[in-house]
Structures are given as structure tokens and as C-alpha cells.
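Here is a short note for someone opening this structure for the first time. Please read the points in order, with the model in view.

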Amino acid sequence: MESVLLVDRRDGWTLLTLNRPDRLNSFNEDLHRALRAALDAAAADADCRAVLLTGAGRGFCAGQDLSARVGLAEAPDLGTTIDTFYNPLVRSIRALGKPVVCAVNGVAAGAGANIALACDIVLAARSAKFIQAFSKIGLVPDSGGTYFLPRLIGDARARALALLAEPVPAEQAAAWGMIWKAVDDGSLMGEAEALCTHLATQPTFGLGLIKQALNASAANTLDAQLDLERDLQREAGRSPDYAEGVAAFMEKRAPTFTGR
Ligand code: T3D
């Protein structure tokens, strides 16, 4: 049987493809475990300097596999699933010390939409759409939806999307600032792969520090954020890639970053 997650090690980065296309790549426990393991492996692998997440088939991800939620003798404790799977997944994407690019190849619904939004740079095929599907089945947006959405697109839009579960087409998502950009369907993977190839040549340690600063920003006061920037800059200033970046600039040549 084919794996629920395809892992493809490229030159300097890793492609992760959610692979349950007949269920629009919705999450079962196997997919959760495989994705977490792959992200942990990417985190531990110094030769992996970016991660690209996408979906097989016509959808990106339809969130939780609802077939696991029917015919149960008693109501499931969904808080346990969130604690065990969804929250650690979102935390590991945000905490990964290297960029995570998401190529949204088709519909992203429920937790699938919010896992995409947790990634650092989100490209979407023009035919893709984002749906906060939760309210349609009596649930609450999870996987960071109520955190990311108001910060990305403002409270008014976040509220309407969460309460109405209306689909947001990729171009609208880009116009609202929910994602980085919408691209032609046929160029999605080419653009996303080129982005990862580029990121894999960049100062990875510094990019990880940038993620740390931006992750902290939403909850910090300006004073706290200024202090954090100072601390992170101190670390960045000690990195070999900083020394290389400055030397290359002064010597008017292209830098060769090692990621350290
Ligand atoms: O439970 C917990 O652990 C709590 C955590 C919750 C996190 C969540 O994500 S809750 C939200 C769960 N997701 C949804 O409610 C979305 C359900 N899916 C849809 O609304 C629609 O499928 C889409 C809008 C995403 C796409 O619509 P469409 O018309 O393009 O495709 P479709 O025909 O509905 O789906 C294609 C197939 O995928 C279909 O199977 P079939 O009829 O061909 O055998 C459909 O049943 C299946 N599918 C789609 N989404 C799911 C799914 N099967 C299981 N679970 C799904 N989420």
C-alpha cells in the first residue's frame, strides 16, 4: 500500500506530499504520525534547509477525516485529538528552524486550511480555495485558525469566514493577505520548488531566527519585541553566514551560505 505521506529529499530541501487523494488528503492518525515524523526528521537534518508541503490529487487537505467520527458509541473527546495531533503539528511547523513553504494545490478545508496558514510562505493554485469548514459541522476553528486569521486578514473577515464557512478563492486570499500569492495551476509546483531551491542556498540559521522573531511578535509589546530582536541579532551576528554575507558584499561577489 502506498504511504499516506510521500517524502522526497531534494537538493537542500524536502518535499512532503499528503497522499490520501481519495479522501482529499484528510487527516487520519497515520497521516498525522507520518507528517510529524517527517517534520522532526527535517528539523534534525542540517542538509535540509527548507520544507515544501503540498497535497496529492485535486485537493490540498480537507482537515480531519470525518469517517473516523461516525457511528461512535459515545461522543469523542476531540480535545484529546487536538492535544495529541493538531496542536503539536502546528507548533512543529512554526518552531521548525527553517522555512516551511506550502503549495496549496486545491481545496484546503477545516484544519487543512489552518495548517496551510501556519506555514511560512503560502502559494496557492488559482483554482484552490480556503474554507473554515468547522461551523458547518458544529465545530470551532482549530489548528490556530482563530489565531492566524484575525492577524492575517483582520477581525471582521475572520469572524465572517469562521461563522459562515464561505470558501475564499486563492486570488481573494492573496488580495486579503491571507497567503503570499496565487499562481496559475500549471506553475504552482514549479514556483514552489524554485522558491525552496532558492531558500536552500540562503542563511538558514538567520532565517530560523527571523521565524522566531515573527512568531513572537503577535503576543509581544513593542518593548519586548525590541529586546527580542536585540537578542536574536546578537546570535545572528555570531553566525558564519553573517560573516560570509558581509564579506561577499564587500568583495562584490555572490555569498556562499552554509546555513550555519
Ligand atoms: O475530529 C477531530 O479530531 C477534531 C478536529 C477537527 C479538525 C477539522 O478539520 S474539522 C473539519 C473537517 N473537514 C470538513 O468538515 C470538510 C469536509 N469536506 C468538505 O466540506 C468537502 O469535501 C470540500 C469542501 C473540502 C470539498 O468538496 P468537493 O465537492 O470538492 O469534494 P467532495 O465530493 O465533498 O469530496 C471528495 C471525496 O472526499 C468524497 O468522498 P467520495 O464521495 O468520493 O467517496 C468525500 O466524502 C471525501 N472527503 C472530503 N472531505 C473529507 C472526506 N472524507 C472524510 N473526511 C473529510 N474531511
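1. Start with the contacts in the protein chain. Take those between residues at least 6 apart in sequence: 68% of them join residues at least 24 apart. Keep in mind throughout that this is a predicted model.

2. Next, the overall build. The protein chain holds 10 helices and 10 strands. Its radius of gyration is 19 Å, close to the 18 Å given by the globule rule for 260 residues, so the chain is as compact as a globular protein of that length. Along the principal axes, the C-alpha atoms fill a box of roughly 65 × 45 × 35 Å. Of the 260 residues, 44% count as buried.

3. Now an open sheet of 6 strands. Its order is E1-E2-E3-E5-E7-E10, and the pairing is mixed. Strand E1 (5-9) and strand E10 (181-183) stand at the edges; each has a single partner strand, so one side of each is left without a neighbour in the sheet. From one strand to the next, the twist averages 20°.

4. Look at one pairing in that sheet. Strand E7 (residues 121-125) runs parallel to E10, and 3 bridges join the two. Ala 125 has Val 183 in E10 as its bridge partner. In general, strands of a sheet pair through backbone hydrogen bonds, either parallel or antiparallel.

5. Which residues of H7 are buried? They are Leu 188, Ala 192, Cys 196 and Leu 199. These residues cover an arc of only 60° around the axis, which puts them on the same side of H7. The buried residues of H7 pack against strand E3 (51-55), strand E5 (100-104), E7, E10 and helix H8 (204-217).

6. The length of helix H7 (residues 188-199) also checks out. At 1.5 Å a residue, its 12 residues should span 16 Å, and the end C-alpha atoms are 16 Å apart, which agrees.

7. Turn to an open sheet of 4 strands. The order is E4-E6-E8-E9, again with mixed pairing. Strand E4 (59-61) and strand E9 (168-169) are the edge strands, each pairing on one side only.

8. Within that sheet, strand E8 (residues 129-131) and E9 pair in the antiparallel sense over 2 bridges. Phe 130 stands opposite Val 168 in E9. Helix H3 (residues 111-118) packs on the sheet, where it touches E4, strand E6 (107-109) and E8. The direction of H3 makes about 100° with that of E6.

Key: Residues numbered from 1 in each chain as written. Predicted model: local features only at pLDDT ≥ 70, side-chain atom pairs only at ≥ 80, totals over all residues. Heavy atoms only, no water. Pairing = 2+ DSSP bridges. Axes fitted to C-alpha atoms, helices over the stretch in contact; angles between N-to-C directions. Expected span 1.5 Å × (residues − 1). Buried < 20%, exposed > 50% of the residue type's maximum accessible area, 1.4 Å probe, protein only. Arc of directions from axis to C-beta. Contact = heavy atoms within 4.5 Å. Rg over C-alpha atoms; globule rule 2.2 N^0.38 Å.
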